[in-house]
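User: I am new to this structure. Please give me a close look at a single part, in short sentences.

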Amino acid sequence: MTERYDPEQIVAQLRKRNLTVATAESLTAGMLSSTLAEVSGASAVLHGGVVAYNNAIKHRLLGVFADTLAARGAVDAETAKQMARGARDRLRTDLGIATTGVAGPEPSEGKAVGIVFIALATPDGTYAKLLRFAGNRENIRRSTVAACLKLMAEWAEQRG
């Protein structure tokens with residue numbers, strides 16, 4: 001499992017750097033934004049999020065290209081990147097973070113259970129990561145949230 005990153009530390013890092021974030025969640029269905037919102041003072045950094053479980057919502061609300069969804073599907077690095085950029089652009093934040101993947105119990109779109117893509121859209125560019133988690137739905141979803149917290153922390157640390 002991914003090492004634990006404290007949401008309070010992430011919110012504090014973002015707040016210290018005067019950065020804002022928006023989420024675009026498929027696999028985690030709001031769990032990431034909820035985890036951030038549990039921190040007192042999160043409203044200073046968390047502008048909101050879109051739960052886009054359905055591909056039509058990914059397209060309409062987040063601007064994921066229909067061609068991308070048709071050719072690559074929802075569980076894909078490029079889809080995750082477009083989701084993150086869409087959240088960042090539409091909610092007018094410094095960062096956009098996205099989750100998409102297969103939590104199971106069955107494979108989806110030819111992708112195995114535990115395949116996850118997360119993406120972070122920043123002023124410097126958009127980055128996606130392929131992750132593989134084992135376990136049940138809850139473990140995969142919680143591991144994905146932890147990986148997103150880690151990704152945001154690492155990015156913020158690099159910015160000094």
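Predicted model: local features only at pLDDT ≥ 70, side-chain atom pairs only at ≥ 80, totals over all residues.

Analyst: Start with two helices, α3 and α5. α3 covers residues 55-62, and α5 covers residues 77-90. Both are DSSP runs (H or I, at least four residues; strands are E, at least two). Their axes lie 9 Å apart and meet at an angle of about 40°. Residues are numbered from 1 along each chain, and side-chain values use heavy atoms, without hydrogens and water.

Now look at the two ends of α3. Asn54 caps the N-terminal end of α3. A side-chain oxygen of Asn54 sits 2.7 Å from the backbone nitrogen of Ala56. Just after α3 comes Gly63, with a positive phi of about 80°.

A pocket here is an open set of 1 Å grid points where a 1.4 Å probe fits, with protein on both sides within 12 Å along at least five of seven lines; lining residues have an atom within 4 Å of a point. The largest pocket holds about 210 Å³ of space. Its lining counts 16 residues. Ser26, Tyr53, Gly101, Val102 and Ser108 lie nearest the centre of the pocket.

Beyond β3, follow the chain into the loop between β3 and β4 (115-122), where Pro105 is found. A cis peptide bond joins Gly104 to Pro105, with omega about 20°. Most peptide bonds are trans.

One more backbone feature is worth a look. Asn18 is not a glycine, yet its phi is positive, about 60°. Asn18 belongs to the loop between α1 (7-16) and β1 (21-25).

Terms used:
Polar contact = N/O pair within 3.5 Å; in protein donor to acceptor, adjacent residues only side chain to side chain. Points joined across faces, edges and corners; volume = space filled by probe spheres on them. Axes fitted to C-alpha atoms, helices over the stretch in contact; angles between N-to-C directions.
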